[in-house]
Amino acid sequence: MRSMTGYGRAVATVGGLQVTVQVSSGNRKGLEVTFALPVEWEPLEAEMGEAVRRVASRGKVHVGVEVERPAGEGAEAWDEAGAERQLARLEAWARRRGVEFAPTPDLLWSVLSSQRRPAGLPPAEQAGTVVMAALAAAL
C-alpha cells in the first residue's frame, strides 16, 4: 500500500496456519484505524496501530487478519465441559421452576454452538512477530 487510497496484502505462516494480513485505506481528513482479527490476537491491536501510524497520518485505514487452516483440519472445537455446565445450569433453573427438563436436539445444538472456540490458534505472544512482519509487508 503506497498511497492514501490503496490496498496491501501479505501472507505468512505461524504454527502451521496461514495468516493473511490485508490493509485498505480511503481518503479522510483525520486518521482512523480499525481492525478485524481473531479475538485471541486482540492484544496486538495497540502495536499494530502504532505500525500504521508510522506510515499514515490521515485516512481511514482498515487492517484485517484472517487465519486459514490446512485442508482437513477442524477450524473449531466445542468446549464439552462448558456445554455440560450450561446444561446443568439450565436443568437446575427448570427444576427450581417446576418445569420438566428434557433437552431437545435443537437445545443441545444451541448449547454446543455457544461453546465453540477456535481450535489451536497460537496465543498473541507467539503469533505477534509473524503478524507484525506481515503487516509491515502489507503497508
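The structure described here is a predicted model, in which local features need pLDDT of at least 70 and side-chain atom pairs count only at pLDDT 80 or more, while totals for chains, interfaces and linings use all residues. Residues are numbered from 1 along each chain as its sequence is written, and side-chain values use heavy atoms, with hydrogens and water left out.

**Overall make-up**

- The chain holds four helices and six strands, where helices (H or I, at least four residues) and strands (E, at least two) are DSSP runs numbered from the N terminus.
- Read from the N terminus on, the elements follow the order β-β-β-α-β-β-α-α-β-α.
- Of the 139 residues in the chain, 32% are buried, a word that means under 20% relative accessible area, with exposed being over 50% and partly exposed in between (1.4 Å probe, protein chains only).
- Among the contacts in the chain with a separation of 6 or more, 73% are between residues 24 or more positions apart, and contact means heavy atoms within 4.5 Å.

**The sheet**

- Four strands form an open sheet in the order S1-S2-S4-S3, with mixed pairing; two strands pair if DSSP finds at least two bridges between them.
- The edge strands, each pairing on one side only, are S1 and strand S3 (31-36), and from one strand to the next the twist averages 15°.
- S1 and S2 run antiparallel and are joined by nine bridges, including those in which Ala12 has Val19 of S2 as its partner and Ala10 has Val21 of S2.
- These strands, S1 and S2, form a hairpin with two residues between them, and Gly15 in the turn has a positive phi of about 55°.
- S2 also pairs with S4 in the antiparallel sense, over nine bridges, and Ser24 has His62 in S4 as its bridge partner.

**Helices packed against each other**

- Helix H2 (residues 80-96) and helix H3 (residues 105-114) pack at an angle of about 130° with their axes 9 Å apart, where axes are lines fitted to C-alpha atoms, for helices over the stretch in contact, and angles run from 0 to 180 degrees between N-to-C directions.
- H2 and H3 are therefore oblique to each other, and Ala83, Gln86, Leu87 and Leu90 in H2 meet Leu107, Leu108, Val111 and Leu112 in H3.
- The axes of H1 and H4 come within 11 Å and cross at roughly 25°, and H1 and H4 are therefore roughly parallel to each other.
- Where H1 and H4 meet, Glu47, Met48 and Ala51 in H1 face Val131, Met132 and Leu135 in H4 as contact partners.

**The nonpolar core**

- The largest nonpolar core has 27 residues, and Val21, Trp41, Met48 and Leu135 touch the most other members; such a core is a set of buried Ala, Val, Leu, Ile, Met, Phe, Trp, Tyr and Cys residues joined through side-chain atoms within 4.5 Å.
- At least two residues of this core come from each of strand S1 (6-14), strand S2 (17-26), helix H1 (45-55), strand S4 (59-68) and helix H4 (124-138), and H4 gives the most, with seven residues.
- Not counting residues up to four places away in sequence, Trp41 touches Val14, Val19, Val65, Val67, Leu121, Pro122, Pro123, Ala124, Ala127 and Val131.

Conventions: Angles under 35 degrees count as roughly parallel, over 145 as roughly antiparallel, 65 to 115 as roughly perpendicular and the rest as oblique.
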